[in-house]
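Biologist: I want to learn how to read a chain-chain interface. Please take me through one.

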Amino acid sequence: MKRGRNKRLSTSLNILVQAVIFLEAHTMSYHSIVLVKQVPDTRQVSGDVMTNAGTMNRSALPAIFNPEDLNALEMALRAKERYGGTVTVITMGPPQAAEVLRESLYRGADKVCLLTDRKFAGADTQATSYSLMKAVEKVGQFDLIFCGRQAIDGDTAQVGPQVAEKLHIPQITYSEQIIELKDKEIVVQRAFDLGAEIVKCKLPCLLTVVGSANQPRPASVRKRIQYKLAAIPAEYPLLLETWPEFESEDKIEEYLEKCDLKIPVWTADDLNLDTARIGLAGSPTQVHKINYVVLEAAESKEIQPTPEGIQALIEELIREYVVG
Amino acid sequence: MTKENRNIWIFIEQEDGKLADVGLELLSKGRELAGTLNSQVWALLCGHKVADLARSLIHHGADHVLLVEHPELEIYRTLPYTRVTADLIKKHQPYILLVGASPVGRDLAPRVASAAGVGLTADCTDLQIGDFTIKKENRLCKDLLYQIRPAFGGNIIATIVNPNTRPQMATVREGVMRKSQADTSRKGEVETFTPEFQESDFVLQVLSREMREATVHLKDSPVIVAGGGGVGSQDEFNLLCDLANLMGGEVGASRAAVDAGLISREHQVGQTGTTVRPRLYIAAGISGAIQHRAGMDQSNKIIAINTDPDAPIFQVAHYKIVGDLAEVMPLLIKALREKAK
């Protein structure tokens with residue numbers, strides 16, 4: 001008798017446990033962190049940017065949101081819309097990099113954070129990934145980290161995998177599409193120039209996202225208004241110029257804090273890190289030398305863009321067995 | 001303390017028992033560097049039932065093959081491959097590790113570099129051996145690996161070194177180094193290594209993988225007609241394709257043309273695309289950023305067509321045509337057709 005009741009009890013307990021697991025699986029939401037970078041728009045390199053000495057006029061290049069990082073942000077935002085959760089965007093860079101964080105807020109990020117400190121300067125990918133890893137640890141809870149496949153200023157594609165290794169989590173590079181997120185697992189399609197792969201991975205994991213993944217959404221007009229004043233403290237003087245009615249930087253601070261518009265800034269001291277592993281000193285790679293390439297013009301012939309000029313060129317190429 | 005060994009390791013990439021060219025190209029470069037360092041070239045070959053490939057690696061320049069066979073290594077996955085590579089680095093402490101800058105190499109190399117705590121330079125266009133002085137300590141480091149690559153979007157070439165960490169790691173794109181002929185008389189040793197995995201190495205499963213053969217063969221094409229950001233439309237780009245067909249060549253592109261969606265990334269020539277050395281390279285509407293030039297400036301003959309007479313591409317061109325593509329391309333096509341008659 002007693003035994004029967006116990007059995008019934010354990011059966012109902014079992015059902016209850018199953019129900020909880022079921023509910024958990026279907027109410028599961030995911031916390032994402034997106035790592036982004038502000039880069040000089042190297043796609044705009046043209047005659048204007050290059051000086052006659054063969055050096056580059058960097059200031060002639062506009063600073064932009066690294067294109068594939070926008071794809072990474074878009075993937076994170078879509079995951080949030082589909083499954084629920086939060087999107088936190090982190091960038092490391094000079095104070096001007098706050099711009100990409102505002103851009104992230106305009107697109108739907110919940111939280112943003114700027115890592116900025118002179119001590120971070122001159123970092124190679126090892127030192128950068130170490131600092132970013134520490135920032136991720138400070139954020140705390142996460143299921144997914146998204147990065148662009150690579151940044152257009154260096155094209156190294158190293159920081160994502162190096163952050164993953166330092167966090168001891170798996171990575172899915174070349175991610176094109178999240179096919180499914182279920183419980184604590186993700187199914188992702190990876191895209192290569194010559195093929196594709198579908199992988200299943202336990203969370204938490206880090207994805208690097210390719211440009212073909214999606215069409216990043218434009219900034220929302222509503223959010224642009226909502227976050228217009230979002231700023232880091234270094235930007236307060238400029239804000240005060242535009243909005244003199246605030247009267248003082250303290251009042252700006254007070255207002256931004258009240259409205260949750262103050263963009264948090266973390267310095268090296270905020271991150272509980274080993275200063276020997278950041279910035280130039282923490283970078284195992286060193287620049288031995290930089291050569292400005294001043295090309296000696298090859299012995300070249302100018303060909304006129306006329307029927308006669310082109311015909312003579314083709315004849316010469318055939319005569320010299322270059323074509324034909 | 002024993003004297004540091006100066007061996008050069010090459011990560012060998014294979015899929016379904018077929019060797020990727022980039023590994024063989026790196027073996028050849030490794031031989032050259034090992035000659036300078038008076039050391040050995042070791043090939044790291046991972047996979048499942050791949051022992052037969054070891055001999056080919058020796059013929060292409062390896063003195064020693066580290067053979068790691070395991071069913072879990074059949075298809076490349078980041079974590080098991082990182083485990084094997086990092087464990088072997090710890091055991092043997094190589095001086096240099098070179099990895100192909102393929103999707104596999106670009107996934108593996110940063111992970112391994114991070115695990116080993118060493119520096120890594122991506123997409124090198126040249127590798128040399130040379131000295132470096134750490135100025136702060138006034139310490140001379142002899143015979144380091146010079147990792148040479150174009151940098152920062154502009155026309156600078158940076159020489160990077162890793163003075164304090166070993167191995168010195170670099171990735172190199174396929175086609176940048178030249179593969180040497182197999183020498184079947186070469187002898188070498190094969191050493192097997194049994195990997196020790198952990199449960200956590202298998203948190204990722206490959207559900208399906210479909211790879212296709214390359215349909216674009218830029219590397220072997222005698223003629224390449226390449227378009228850049230100056231190509232105004234798809235119609236204009238099609239003219240380039242017509243010209244390439246007529247010449248029995250391939251169509252290439254600069255990054256600008258690929259980013260503009262005019263053609264797929266497989267066609268990209270340059271540091272982050274394919275490096276080519278054709279008999280004839282026609283650069284149409286390409287401004288000639290260093291990253292592009294790094295991938296084509298060793299072509300036998302270069303024709304550049306651009307509306308901007310100061311475009312950097314003209315500095316490497318043998319034939320300079322200042323003009324509009326919409327006019328010049330049809331003229332080229334017409335002149336060729338007439339000659340073919």
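**Reading the interface**

Biologist: How many salt bridges are there between chain A and chain B?

Modeller: First, a caution: this is a predicted model. The count between chain A and chain B is 5 salt bridges. One of them joins the side chains of B:R209 and A:E197, at 2.5 Å from N to O.

Biologist: Which elements of chain A supply at least two residues of the side that touches chain B?

Modeller: Two helices do, α5 (159-167) and α9 (307-319). So do the strands β7 (171-182), β8 (185-192), β9 (195-202), β12 (286-292) and β13 (301-302). The largest share comes from α9(A), with 9 residues. By residue class, this side of chain A divides into 38 nonpolar, 20 polar and 19 charged.

Biologist: How is the size of an interface often given?

Modeller: Often as the accessible area lost when the parts come together. Here, the area buried between chain A and chain B is about 6,900 Å². Carbon and sulfur atoms give 59% of that area. In residues, the contact takes 77 from chain A and 81 from chain B.

Biologist: Which strand of chain B is joined to β12(A), and how do the two run?

Modeller: Look at β10 of chain B, residues 156-161. The strands β12(A) and β10(B) run antiparallel, joined by 6 bridges.

Terms used: Residues are numbered from 1 along each chain as its sequence is written. Chains are lettered from A and ligands numbered from 1 in the order in which they are written. This is a predicted model: local features need pLDDT of at least 70, side-chain atom pairs count only at pLDDT 80 or more; totals for chains, interfaces and linings use all residues. Side-chain values use heavy atoms; hydrogens and water are left out. Contact means heavy atoms within 4.5 Å. Buried area is the accessible area (1.4 Å probe) that two parts lose on being put together, summed over both. A salt bridge is a side-chain nitrogen of Lys or Arg within 4 Å of a carboxyl oxygen of Asp or Glu. Helices (H or I, at least four residues) and strands (E, at least two) are DSSP runs, numbered from the N terminus. Ala, Val, Leu, Ile, Met, Phe, Trp, Tyr, Cys and Pro count as nonpolar, Asp, Glu, Lys and Arg as charged, and the others, Gly among them, as polar. Two strands pair if DSSP finds at least two bridges between them.
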